[in-house]
Amino acid sequence: MKTKKYNNGKGSLTVMTKWMVCAAAFTLHSSLFTSCSDDFLADKRNYDNVNADIYNYVEGCEGRLNDIYAWCLPIVGDVTTTLNRNFPVSMGNADICAKATEEYAGFSSFVDPEIELTSMSGTNGVPDFFTGSTNNIQASVYGRIRNINDCINGIASGTLPDEQKNPLLGQAYFFRAWAYFNLFRWYGGVPLVTDVLEPVEGNFTPRSSAKATMQFILADLDRASRLLAQKTMNGGWSGSNWGRVTTGTALALKGRVLLWWASPLFNRTNDKNRWTQAYTAMKQQLDSINACGYGLYASGKNINGSDFAAQFLQQGQNPEAVFVTLYNNIEGDGLDNQKNNRWERDIRPSNTGGGGKGAGLMLVQQFPMADGKIPAGTGTYAKLETSQYAYEGSAPFMNRDPRFYRTFAFPGFRWAYNGDASVKNPNNPSDGKNYVLWNYVWYTELSEAGDPTNGNSYGADNLLTSKTNIYVRKKSDDLDVNSSPLYQYVALDEKGAAPYYSAAPLIELRYAEVLLNLAEAACGAGDMAYAVELLQKVRARAGYTAENNYGLQANLATDQQACMSAILYERQIEFAYEGKRFDDLRRWMLFDGGIQMAEGAPSTWQLTGWGGNTCTWLGFKPLNGQRRESIEFRTADKFGVGGTTFESDPLLKAGVTRPEGVDFRKDDIATQLDSLKSWYSQNLVVTEKRGDGYDSQKNLLYMNYRPKYYFLGLSAGAQTSNKALPQTIGWQDYNHGGSNGTFDPLAED
């Protein structure tokens, strides 16, 4: 993109030209934007600002606002590697957040027992979600907040009539709240900047308390909801404006903020007033959210969880998408109008042109069975009833929740796509429309097959070494679900990119979360009966019916601990691989139950609510001290070994016939799954593989999330850039010789 740079003696700062305002905005999604006029967007040398005259015209205001969308909307990417393009939001990738949950195996630095993150310089530095890229004003967190403030002040001071100003201001206030919320959930209290401050050393704003930060966010969201009401509370935005934030988006985010404030992380005494405040506000505002056109996505014919899968593949007027980022499937080489969702290419197996994500066995084991109950023997959620169905380790797919089959893929599952990967490699399966995943493996030495630490295996169907054991298929654009795929499949791409150029939207806040947030608040406030009603609605969309109370146990309306456990369990399943689980683990302090405190923490940090241990209160087995393993499906020993090439598959060499793939379009899948299980028993061996790490002597290591991680400290770089800001308690202060931080995120003054 075209940029100009000016140096104010403090470092180079990027300044957008009039062309960049329009072009950067346009990359978001072509259907969202009104074109900008050159008459209104002239350069001005004031640190990424633009000529104030643009705010006197709708086109200029929209161009500026669209640029905020482009820089502030969530994107598909890792938390740690894409900070310069979005706020630190996990979206389901195997990043530092998700790899600290049950969703993946393999330590992230948050749970690695051999690594302790530090706020001092050197290795193992704490992630810097506070400043971001300090040499680029747009890519830094407070640089983006500055641009939002400039937009708010410019529109408010402009000459447009209120009826035109209000919806523009409402969107800008939402994104300021969104920016501060993403700081609040990591750091508690942060500096609250509302003026357009120049990035020079003399400009300093102190760190506010977590309570003041929370109240500021809520005020912005209330303001946004009011300003957007006239435009959006009659079904939401229509036409090319669909996808913009609405009154409902603001109120839904408000519910999330209130839930954080009521949760154990911030509410150590279990102050019921916080739960009641959250419950009252969220329940009152549900009608307003509904008035914006939001609701649970349903097609009218839900087969084996097909509605659950299809909700992620709707373009335009999707009632589930309360807060959404839109994408397109334009192929290009860095074109300004190209914005592709890369999720499909990341999860698809390599023999279809993708990469593949390996699911953690712990989540597979914890997923509900077909009766809606948790499998016996997991040791987790002890207050929840266990299933009448036995979990089958050699065939984990038997008798599972409908969402299970839309979240994971196993050998023998159909996973159709619109393309032909054999064009790129003739050894790949050619018929995408009938693609069946066969990712069983073989070894070249039988002695290696029994070693849980050995990964020298080769996958079937030309997967070879580019394979995984259980594939994540959540949010996949499955051709059996969506007959009009949202991606362009490019089998031969001279640029070397994967073939899936997808326009699938990214839903950051779904309507199901609105209901489950409200259910959690209701339970915390003591209205378990209403919480159960909301749970039933989410379960009904998943495919359960009233015949067995939607798979819920009978005592949830009378037992608060069991009810809260059921809600958190439902969130874990419903939002798997959507980047929500790590936040829930932090909010409820489920790594250790909240029994440990950061070094130097005052007595007010002691958890006194929930019996002093949230894990015990919920019946949840703490993640600290556990391991997450994996499994593999390998050819039975009777078939011998194979070679290193695709044609050396021992099963195919022995003439074994593979069954047709399990077709989830058919109402009855039980018979198909039984047949696949039988085939497994005759031809495959299911063995455990190491997921989490071990030391040099192959001694097993176990998860260890340290108590200071519940509130992050400022990194050494952030402290250097903001020398007057106090460090968080429990973290070393880089500016004061490594002494313990003094800022208390839980102090209310």
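Is Cys292 buried or exposed? Select Cys292 and check: its relative accessibility is 3%, so Cys292 counts as buried. Here, buried means under 20% relative accessible area, exposed means over 50%, and partly exposed is in between, using a 1.4 Å probe and protein chains only.

Before you click on, a word about what's on your screen: this is a predicted model, where local features need pLDDT of at least 70, side-chain atom pairs count only at pLDDT 80 or more, and totals for chains, interfaces and linings use all residues. Residues are numbered from 1 along each chain as its sequence is written, and side-chain values use heavy atoms, with hydrogens and water left out.

**Stop 1: cysteines**

Now pick Cys72, which is buried at a relative accessible area of 1%. Its closest cysteine sulfur belongs to Cys151, 10 Å away, and that is too far for a bond. A disulfide is a covalent bond between the sulfur atoms of two cysteines. The cut-off used here is a pair of cysteine sulfur atoms within 2.5 Å, and the structure has zero disulfides.

**Stop 2: aromatic pairs**

A pair of aromatic rings is described by the distance of the centres and the angle of the planes. Rings of Phe, Tyr and Trp (its six-membered ring) pair if their centres lie within 6.5 Å; planes under 30 degrees apart are stacked, over 60 edge-to-face, and the rest tilted. By this rule there are 61 aromatic pairs.

Select Phe397 and Phe410 for one of them: edge-to-face, with 5.9 Å from centre to centre and 70° between the planes. The two sit 13 residues apart, and the pair links distant parts of the chain. Phe397 is in the loop between helix H10 (361-366) and strand E4 (408-409), while Phe410 is in the loop between E4 and strand E5 (413-414). Those labels come from DSSP runs numbered from the N terminus: helices (H or I) have at least four residues, strands (E) at least two. Both Phe397 and Phe410 are buried.

Trp438 is buried at 4% relative accessible area, and Tyr440 is buried at 0%.

**Stop 3: charges over rings**

A charge sits over a ring if NZ of Lys or CZ of Arg is within 6 Å of the ring centre and within 35 degrees of the ring normal. Show Lys283, lying over the face of Tyr530 at 4.3 Å from the ring centre. Then show Arg539, over the face of Tyr544 at 5.0 Å from the ring centre.
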